[in-house]
Amino acid sequence: MPIHFIAVLDHQHLENSVFLTAFAKSLAKLGDRKGIIVHGDSPYTDRLIQTGMMREDARLRAIKDLNKRLIGLFADQGIPTIGVHGFQKEMATIKEGELWFNKEKIEDLHDIPNLLLSNLVDEMTDAQNMFPFPNFQQRFPIHLMMPKSCFSL
């Protein structure tokens with residue numbers, strides 16, 4: 001099944017319950033069209049920092065918790081979705097300053113229409129790193145990697 005859309009949920013909209021509910025209802029209307037929803041951290045990160053957590057630890061925790069919360073929201077609206085992080089199975093990788101999605105691994109993941117992907121990506125090191133959305137949207141070329149070839153989005 002081809003990928004029909006990629007949606008990016010930004011920091012400000014992730015705490016807006018009215019927007020998220022409307023977004024989930026819109027996704028439900030798409031039926032079985034396959035899509036990728038990408039998200040980063042939310043204002044929840046700031047609340048974790050206020051409890052004494054270090055900023056990077058708070059971001060990692062907020063992103064991982066948010067992935068679970070969004071899966072629950074989509075399930076409440078009847079939207080079949082798998083939630084993963086970009087570093088898992090090397091689905092999203094930064095190579096030489098460019099963001100690469102591995103289309104083969106994304107398509108092999110499952111037949112479920114929607115994939116919820118956090119901005120925690122693999123940087124070809126042992127660590128998982130957060131890919132900031134201003135870079136995701138403007139500064140970095142984004143590529144869709146396919147077996148034996150690459151295509152830019």
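Reader: Which residue of β2 is the bridge partner of Leu 9?

Author: His 39 is that partner. Please keep in mind that this is a predicted model, in which local features need pLDDT of at least 70, side-chain atom pairs count only at pLDDT 80 or more, and totals for chains, interfaces and linings use all residues. Residues are numbered from 1 along each chain as its sequence is written, and side-chain values use heavy atoms, with hydrogens and water left out.

Reader: How do you know that β1 and β2 pair, and in which direction do they run?

Author: Strands here are DSSP runs of E with at least two residues, and helices are runs of H or I with at least four, numbered from the N terminus. Two strands pair if DSSP finds at least two bridges between them. β1 and β2 are joined by 6 bridges, so they meet that definition, and they run parallel.

Reader: What makes you call β2 largely enclosed?

Author: Buried means under 20% relative accessible area, exposed over 50%, and partly exposed in between, with a 1.4 Å probe and protein chains only. In β2 (residues 34-39), 6 of the 6 residues are buried, so the rest of the structure largely encloses this strand. Both faces are covered: Lys 34, Ile 36 and Val 38 lie on one side, with Gly 35, Ile 37 and His 39 on the other.

Reader: Why is Ser 118 called buried?

Author: Its relative accessible area is 2%, and the cut-off is under 20%, so the word applies. Ser 118 sits in strand β6 (residues 114-118).

Reader: What makes the link between Ser 118 and His 85 a polar contact?

Author: The term asks for a pair of N or O atoms within 3.5 Å; within protein, one must be able to donate a hydrogen and the other to accept it, and residues adjacent in sequence count only if both atoms are side-chain atoms. The two side chains make this contact at 2.7 Å.
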